[in-house]
Amino acid sequence: MRVLLVEDDEPVAESLRRGLVRYGFEVEWVTTGAAALAVGTPYDLVLLDLGLPDTDGLDVCRVLRERGDVPIIVISARSDETDRVVGLEIGADDYVSKPFGVREVIARIRAVMRRVRPKEHERSGPDRYGHRLTVDRKAARVRLDGAEVALTPKEYDLLAFLTEEPGALMSREQIMEAVWDANWFGPTKTLDVHVAALRRKLAGAVTVEAVRGVGFRLVVAPPAVPDPSADGGPPGPSGGTDTDAGGAG
């Protein structure tokens, strides 16, 4: 996921950028409103400071919203409720006041993206992972070989999170914050229990690989390679298989 960070305070921006990268985000950092509006590469979300050196961040927010529906989270040291209200009214999706922690920003990003993504899935229908597994995020249902799989709410949330980026390594901290709570500081043994349940219930369709000391990644099983001998029987002059039909010229 690619984030456009618009922040002129270098220490704040560097700390936030490092934190976002640690959580798997790609970050493009600019320091002015003009630079933000000039970015040509696509991005999935904007973190926008209001106190920019060349223009008011609210004006940048207004222009970005006129251009499209990319999610915008305003970050600002301004405590005036008016700025918060105006920001939301002109199109910001959320507002974070300084000082803030990276955990809070990550939680806000995930909350905003969860609100945005259902619209995408409503249009596209269930997501398919390999030939056997489908995840219907709109209905919160999982099917294996066409049959619904009974998952607990947290098992479903864990699967939905891991399937957002199949193959990507997710740290325990990332998973706990996304699936359980942004302020979770307890033991992560419950994560191992839920991973074991997914492995058991979805065996053969996906694998949840553990990376010692880091976290987990979800790997979609490749399609099974058919055994030619299972359909045509043993080859031979009278086997009747397609390969026999051509004969020798």
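A residue is called buried when its relative accessible area is under 20%, exposed when the value is over 50%, and partly exposed in between, as computed with a 1.4 Å probe on protein chains only. The structure is a predicted model, in which local features need a pLDDT of at least 70 and side-chain atom pairs count only at pLDDT 80 or more, whereas totals for chains, interfaces and linings use all residues. Residues are numbered from 1 along each chain as its sequence is written, and side-chain values use heavy atoms, with hydrogens and water left out.

Of the 249 residues of the chain, 37% count as buried. The chain holds 10 helices and 12 strands, these being DSSP runs numbered from the N terminus (H or I over at least four residues for helices, E over at least two for strands). With contact taken as heavy atoms within 4.5 Å, residues 24 or more positions apart account for 55% of the contacts in the chain that have a separation of 6 or more.

Aspartate 49 lies in strand β3, which spans residues 45–49, and it counts as buried because its relative accessibility is 3%. Its side chain reaches the backbone nitrogen of glycine 51 at 3.4 Å, a polar contact being a pair of N or O atoms within 3.5 Å of which, within protein, one must be able to donate a hydrogen and the other to accept it, with residues adjacent in sequence counted only if both atoms are side-chain atoms. When neighbours within four places in sequence are left aside, aspartate 49 is in contact with Val6, Glu7, Asp8, Gly57, Ile75, Ser76 and Lys98. Aspartate 94, placed in strand β5 (residues 94–97), is likewise buried, with a relative accessible area of 15%. The side chains of aspartate 94 and arginine 108 are joined by a polar contact of 3.0 Å. Not counting residues up to four places away in sequence, aspartate 94 touches Arg108 together with Ile72, Ile73, Val74, Leu88 and Val112.

Helix α6 (residues 153–162) is mostly covered, 7 of its 10 residues being buried, namely Glu155, Tyr156, Leu158, Leu159, Ala160, Phe161 and Leu162. This helix packs with helix α7 (residues 172–180) at an angle of about 125 degrees, their axes lying 9 Å apart; α6 is therefore oblique to α7. Here axes are lines fitted to C-alpha atoms, for helices over the stretch in contact, and angles run from 0 to 180 degrees between N-to-C directions. Angles under 35 degrees count as roughly parallel, those over 145 as roughly antiparallel, those from 65 to 115 as roughly perpendicular, and the rest as oblique. In the contact between these helices, Lys154, Asp157, Leu158, Phe161 and Leu162 of α6 meet Gln174, Ile175, Ala178, Val179 and Trp180 of α7.

On the α7 side the contact is made by Arg172, Ile175, Met176 and Trp180, and on the α8 side by Thr190, Leu191, Asp192 and His194. By class, this contact of α7 with α8 has 4 nonpolar, 2 polar and 2 charged residues.

Alanine 150 is found in the loop between β9 (147–148) and α6 and is exposed, with a relative accessible area of 64%. Its C-alpha atom is 8.4 Å from that of lysine 201, although the two residues are 51 apart in sequence, and alanine 150 touches both Glu155 and Lys201 when residues up to four places away in sequence are not counted.

Most residues other than glycine have a negative phi. Alanine 140, by contrast, has a positive phi of about 55 degrees; it lies in the loop between β7 (133–136) and β8 (141–144) and is partly exposed, with a relative accessible area of 43%. Aspartate 145 has a positive phi near 55 degrees, and this residue is found in the loop between β8 and β9, where it is exposed at a relative accessible area of 52%.

Conventions:
Ala, Val, Leu, Ile, Met, Phe, Trp, Tyr, Cys and Pro count as nonpolar, Asp, Glu, Lys and Arg as charged, and the others, Gly among them, as polar.
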